[in-house]
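Biologist: I have the sequence and the model open here. Could we walk through them together?
Modeller: Gladly, ask away.

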Amino acid sequence: DIVINGGHFSDVHGAVACAFQWSRASIEAPALASFEATVVSDSIVVCSTPEAPSKGVADVSLVYGGDEFHLRGAFTFDEGLVLTTVSPSIISSMTDDSVAVTGAAFRSSPELVCDLSGTLIDAAWIHSSEVICKIPSLLRPGKHSLSVSNNGQDFSTALEFRVLDPFLLTSLDPALGFRDRVVNLTLHGQNLEGLDGLACLLNSHYAAPAHYVDSTTITCPMIPMRFDDNTTEVSVELTLNGVSFSRGDPLIYSIVDFSVDTIFPTSGA
């Protein structure tokens, strides 16, 4: 629907209509279409948009008395929005995140908005084939639908993405190792899943590939030589597409240096 704001609409006698006129209409469709409008109040009139014979701009006029035209303006008929991907398709329920939505016919407009399972959220236009939707934190875990509108009223078909609670890690094995030895860490937790983009985050800096074993076990390599000689403890967390994906305190892996201090006895038969 189009909302027209003005004044003294209640004083109009007779039928009120909105006229849409295309400069270049198809042979099958008329160049001018008129549709009945509804006077909502003294300052608001609402009318429905017709099916456009083609995309583009149509002149819009408010008609009453059959042939009197007022409040001339324009309305743009877009191509139908088409969504193709949402990335990432899985996010954490505990952090603010943004997802990139690709498709076609996105328009830079003040009314551009995303619909997240029935709730309108902010959208940012990147170009005609990509927008960014800002996902709020503390979103209910589960499957959610996401659609986009150029005008806040006509929405695309929806894509689906998942919200998961971060994984709870409970222990790691081994918890200690030598600085010059590469080991394969085994992380234990609850309700773990094998997700694309899941990695082990070491000291909040280095990402190591995570290998899903089962719902309680994930493994990843520990390479102590990555860290300087003064590092004796390494925090171990999980990250999904660069965003923290484990809750609770990080697990700690201790690095020790192999050394020989004394030999006793120093002689013998």
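Biologist: Where in the protein chain is confidence lowest, and where is it highest?
Modeller: This is a predicted model, in which local features need pLDDT of at least 70 and side-chain atom pairs count only at pLDDT 80 or more, while totals for chains, interfaces and linings use all residues. By pLDDT, the predictor's confidence in each residue from 0 to 100, the lowest part is strand β6 (residues 68–77), at a mean of 62, and the highest is β10, at 96. Strands are DSSP runs of E of at least two residues, numbered from the N terminus. Residues are numbered from 1 along each chain as its sequence is written, and side-chain values use heavy atoms, with hydrogens and water left out.

Biologist: What does the protein chain average?
Modeller: The average pLDDT is 83, and 85% of the residues score at least 70. Over residues 25–29, however, the pLDDT is below 50, and beyond near neighbours in sequence this stretch has 5 contacts in the model, a contact being heavy atoms within 4.5 Å. Where pLDDT is low, the predicted coordinates should not be read in detail.

Biologist: Switching to the inside, which residues touch the most other members of the largest nonpolar core?
Modeller: Leu-185, Leu-187, Met-222 and Val-236 do, in a core of 26 residues. A nonpolar core here is a set of buried Ala, Val, Leu, Ile, Met, Phe, Trp, Tyr and Cys residues joined through side-chain atoms within 4.5 Å, where buried means under 20% relative accessible area, exposed over 50% and partly exposed in between, with a 1.4 Å probe and protein chains only. Strands that each supply at least two residues include β15 (167–173), β17 (183–190) and β25 (251–256), and β22 gives the most, with 4 residues.

Biologist: And what does Val-236 touch?
Modeller: Val-236 is found in strand β22 and, at 1% relative accessibility, counts as buried. Leaving aside residues up to four places away in sequence, its contacts include Leu-169, Leu-172, Leu-201, Pro-250 and Tyr-253.

Biologist: How many disulfides does the count come to?
Modeller: It comes to 2, taking a disulfide as a pair of cysteine sulfur atoms within 2.5 Å. One joins Cys-114 to Cys-133, with S to S at 2.0 Å. Cys-114 lies in strand β10 (residues 113–116) and Cys-133 in strand β12 (residues 130–135), so the pair ties together parts that are 19 residues apart in sequence. The other joins Cys-200 to Cys-220, at 2.4 Å, and because these cysteines lie in strands β18 and β21, it ties together parts that are 20 residues apart in sequence.

Biologist: Why is the disulfide of Cys-114 and Cys-133 left-handed?
Modeller: Because the torsion about its S-S bond is about -75°. The link of Cys-200 and Cys-220 is left-handed too, with -100° about the S-S bond.

Biologist: Last one, what about Glu-130, buried or exposed?
Modeller: Glu-130, found in strand β12, is buried yet has no salt bridge, meaning a side-chain nitrogen of Lys or Arg within 4 Å of a carboxyl oxygen of Asp or Glu. The nearest side chain of opposite charge, Lys-134, is 14 Å away, with Lys and Arg counted as positive, Asp and Glu as negative, and His and the chain ends not counted. Among the residues that Glu-130 touches, beyond those up to four places away in sequence, are Val-101, Phe-106 and Trp-125.
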